[in-house]
Amino acid sequence: MTRITSANETDIPMLVSLNNRFSASGLTLARTPEFAANHLGDYRVLRDATGGVVGCVALDEYSPSVAEVISLAVEQDAQGLGHGRALIAAAVELARSRGYIELFSVSYSDDLFLSSGFERVPLTTYPEKISRYVKVDKTELEVGEKHCFARRLA
Ligand SMILES: CC(C)(COP(=O)(O)OP(=O)(O)OC[C@H]1O[C@@H](n2cnc3c(N)ncnc32)[C@H](O)[C@@H]1OP(=O)(O)O)[C@@H](O)C(=O)NCCC(=O)NCCS
């Protein structure tokens with residue numbers, strides 16, 4: 001039995017380790033405990049029956065109307081069960097409650113985002129994202145297969 005909840009401070013080490021487990025292969029961008037602590041309210045967490053974190057997702061605000069879906073990750077053992085899609089739905093719900101009118105994400109998981117109501121758009125739609133990559137980790141810009149997906153919420 002799993003459930004999706006908000007995150008609390010005791011989740012920070014697990015949020016970072018779960019996200020960073022996939023950063024070496026370029027699937028996620030590496031995040032620090034400071035980042036997770038500063039964005040704690042922007043996370044949604046998938047918990048197992050004991051309350052342990054087995055998945056996560058977060059929103060990263062670009063402007064009062066636009067946010068990026070980041071740090072989407074599900075423990076290997078729990079993948080393929082619909083949790084990724086449920087986490088994206090939770091991120092969409094959080095974004096709506098915050099009043100964003102547009103969400104985007106950069107991902108290899110085309111089918112997952114397309115089946116979650118997103119459509120493919122050029123990365124150049126979000127010049128702010130490109131400038132953040134240059135500051136954070138420009139390797140993502142150099143990975144050819146990653147695509148940008150957007151969903152209007154209004
Ligand atoms: C991507 C990830 C979060 C998906 O989680 P999940 O719980 O396995 O996903 P779901 O079970 O909800 O899958 C939903 C659908 O998306 C598809 N899908 C999932 N991951 C996919 C991927 N990497 N590529 C293509 N399709 C994918 C599934 O086949 C499934 O389709 P179906 O319902 O038609 O069978 C998970 O695989 C993961 O943590 N991967 C490593 C980190 C990562 O890649 N994060 C994404 C950064 S944007």
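How many helices and strands make up the secondary structure of the protein chain? In this predicted model, the count is six helices and seven strands.

**Figure 1. Overall fold of the protein chain in the predicted model.** From one end of the sequence to the other, the elements of the protein chain are ordered β-α-α-β-β-β-α-β-α-β-α-α-β. The C-alpha trace extends about 40 × 35 × 30 Å along its principal axes. Buried residues account for 32% of the 154 residues. Of the contacts between residues at least 6 apart in sequence, 63% link residues at least 24 apart.

**Figure 2. The largest nonpolar core of the protein chain.** This core has 36 residues, of which Leu-15, Cys-56, Val-57, Val-69, Ala-91 and Ala-95 touch the most other members. Two or more core residues come from each of helix H1 (12-20), helix H2 (33-38), strand E2 (43-47), strand E3 (53-63), E4, H3, E5 and strand E7 (147-152). H3 gives the largest share, seven residues. In soluble globular proteins, nonpolar side chains tend to be buried together.

**Figure 3. Surroundings of Leu-15.** Leaving aside residues up to four places away in sequence, Leu-15 touches Ala-7, Ala-36, Tyr-43, Val-53 and Cys-56. Leu-15 and Cys-56 are both among the core members that touch the most others.

**Figure 4. Strand E4 and its pairing partners E3 and E5.** Eight of the nine residues of E4 are buried, and this strand is therefore mostly covered at the cut-off of 20 or more other C-beta atoms within 10 Å. E3 and E4 run antiparallel and are paired over seven bridges, with a hairpin of two residues connecting them. Within this pair, Leu-59 lies opposite Val-69 of E4. E4 and E5, by contrast, are parallel and are joined by three bridges. Here Val-66 is placed opposite Glu-102 of E5.

**Figure 5. The shell of residues around the ligand.** The ligand is surrounded by 21 residues, the closest being Leu-27, Gln-79, Gly-84, Ser-107 and Leu-112. At least two shell residues are supplied by each of strand E4 (66-74), helix H3 (83-98), strand E5 (102-107) and helix H4 (110-114). The shell comprises eight nonpolar, 10 polar and three charged residues.

Key
Residues are numbered from 1 along each chain as its sequence is written. This is a predicted model: local features need pLDDT of at least 70, side-chain atom pairs count only at pLDDT 80 or more; totals for chains, interfaces and linings use all residues. A residue is near a molecule or strand if its C-beta atom, placed from the backbone, lies within 6 Å of it. Helices (H or I, at least four residues) and strands (E, at least two) are DSSP runs, numbered from the N terminus. Ala, Val, Leu, Ile, Met, Phe, Trp, Tyr, Cys and Pro count as nonpolar, Asp, Glu, Lys and Arg as charged, and the others, Gly among them, as polar. A residue is buried if 20 or more other C-beta atoms lie within 10 Å of its own, exposed if 12 or fewer, and partly exposed in between; C-beta atoms are placed from the backbone. Two residues are in contact if their C-beta atoms, placed from the backbone, lie within 7 Å. A nonpolar core is a set of buried Ala, Val, Leu, Ile, Met, Phe, Trp, Tyr and Cys residues joined through C-beta atoms within 7 Å. Two strands pair if DSSP finds at least two bridges between them.
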